[in-house]
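Morning, everyone. I'll take the sheet, then the helices, then the ligand. Here is the structure.

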Amino acid sequence: MALVLTLPWKKELGVPTLVEWDQQMGALILPAKLKLCLSSPLLLFRFSSGRCFSDFSSHVLETVAAGPGEDSAVGFWFRRHFRYAMEPHIAQRHGDDVQRTASKRLMGKVAVITGGARGIGAATAKVFAENGASVIIADILDDLGTSLADSIGARYIHCDVVNEADVESAINLALAWKGKLDIMFNNAGISGTEGSITNLDMEQVKYLLSVNVNGILHGIKHAARVMIKGQEGGCIICMSSSAAIMGGLGSHPYSLSKEAIIGLMRSTACELGVHGIRVNCISPHGVASEMLDMTPEEVSKIVEERGSLLKGRSPRLEDVAQAVMFLASEEAGYITAHNLVIDGGFTSASSNMSFIYQ
Ligand SMILES: NC(=O)c1ccc[n+]([C@@H]2O[C@H](COP(=O)([O-])OP(=O)(O)OC[C@H]3O[C@@H](n4cnc5c(N)ncnc54)[C@H](O)[C@@H]3O)[C@@H](O)[C@H]2O)c1
């Protein structure tokens, strides 16, 4: 069994490496006969500045191998600062803790999410935070964004993606807070007005493009700058849509904006791959959110009946959030210049002639 002590505060408190630091997992991994769990982050800090710290690493390895004796100094510290899990039910709980920590797929990562105050962006912020990432929510909905950030241990910043300086500030907040940026999710977008091409209001079109296209351009530009400088690669994810790959699924300006994003994603992936920066798109379809001019129930009903090969199933916000997390994670480490479509197969195949398979 492996024992995992998570040390997310390592950097801030300058805690030296005790035994083996797994950079990727952001965790300390020990082979252990002993089951124990950290009762508080502060305790480890006290440990680090406490009197027996200098001998801690060698003692700990020996003690873990042998099991801490009643009389050992480390055993005393363990009993004082950590809770043993000798009884089966506690052991089980601690085993679960260990597994949960080990399965946090974005441990130690720092992410900025534009449009993260509600809808798909908010669902993604929650999934990212649950998986160990430090998240910055950048939006124009200050109340919603602030309360969501408070509830998941994230940070909120007012950011209108139309303004390049706002996007740059959101990314600078990541640097000021955690010293780096690993994941940029350019999610903010609007649907724009529907109607005939013959009556397009060009001012409205310009505004939509300034949010949906320029906003993403600002995000890629400034994320790439800091990721290149950081020399640790990174991951940029841009929000496109099923409306980019099939006509008839969005207003004309919306479809235009979402297809432009795929082109931009591909060209920037070409340039940034040499720096280890992956650039991908995500293209959902028919997710019940406040962006659409219909109730969530109406959206779900239409998609379930007519907008998916998976009859009776419509996409949840979490379906998209999980797909974004996959792209952001190490599991997708060889995926770049890709558009991940979350549409229940709708834009790839039609079931209108499925009698063929009967
Ligand atoms: N809902 C769907 O079916 C669907 C399908 C495909 C793509 N998308 C895209 O997903 C993204 C998120 O949409 P959603 O469905 O969660 O809708 P939503 O309206 O709930 O979320 C959009 C978020 O973007 C923010 N935003 C809007 N303009 C902004 C600006 N100028 N600066 C900063 N933030 C701004 C909003 O405040 C909101 O928090 C959008 O880009 C949308 O085009 C949605």
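Before the sheet, one term: two strands count as paired if DSSP finds at least two bridges between them. Keep in mind that this is a predicted model.

So, which order do the strands take in the open sheet? There are 7 strands, and they run β8-β7-β6-β9-β10-β11-β12, with parallel pairing. Now look at the edges. They are held by β8, residues 155-158, and β12, residues 339-342. Each of these has a single partner strand, so one side of each is left without a neighbour in the sheet. From one strand to the next, the twist averages 20 degrees.

Let's zoom in on one pair. Strand β9 covers residues 183-186, and strand β10 covers 234-239. They pair in the parallel sense, over 4 bridges. F185 has I237 in β10 as its bridge partner.

Next, the helices on the sheet. Helix α10, residues 252-272, packs on the sheet and touches β10, β11 and β12. Its direction makes about 165 degrees with that of β11, residues 277-284. Helix α8, residues 164-178, lies across β6, β7 and β8. Relative to β7, α8 runs at about 155 degrees.

Now helix against helix. At what angle do α9 and α10 pack? About 15 degrees, with their axes 9 Å apart. Angles under 35 degrees count as roughly parallel, so α9 is roughly parallel to α10. Their crossing is right-handed. On the α9 side, the contact residues include V205, L208, L209 and V213. On the α10 side, they include P253, Y254, I261 and L264. By class, this contact divides into 14 nonpolar, 3 polar and 1 charged.

The crossing of α8 and α9 is right-handed. From α8 we have E164, V167, E168, I171 and L175. They meet H218, G219, H222, A223 and V226 in α9. This contact splits into 5 nonpolar, 3 polar and 2 charged residues.

Last stop, the ligand. Which of the 29 residues around the ligand come nearest? They are G115, G119, G189, S289 and M291. Helix α6, residues 119-130, gives the largest share of the shell, with 3 residues. By class, the shell has 15 nonpolar, 10 polar and 4 charged residues.

That's the tour. Over to you.

How values were computed. Residues numbered from 1 in each chain as written. Predicted model: local features only at pLDDT ≥ 70, side-chain atom pairs only at ≥ 80, totals over all residues. Near = placed C-beta within 6 Å. Helix = DSSP H or I, 4+ residues; strand = E, 2+ residues; numbered from the N terminus. Nonpolar A, V, L, I, M, F, W, Y, C, P; charged D, E, K, R; others polar. Axes fitted to C-alpha atoms, helices over the stretch in contact; angles between N-to-C directions. Contact = placed C-beta atoms within 7 Å. Parallel < 35°, antiparallel > 145°, perpendicular 65-115°, else oblique. Left-handed = near helix turned anticlockwise from the far one by under 90°.
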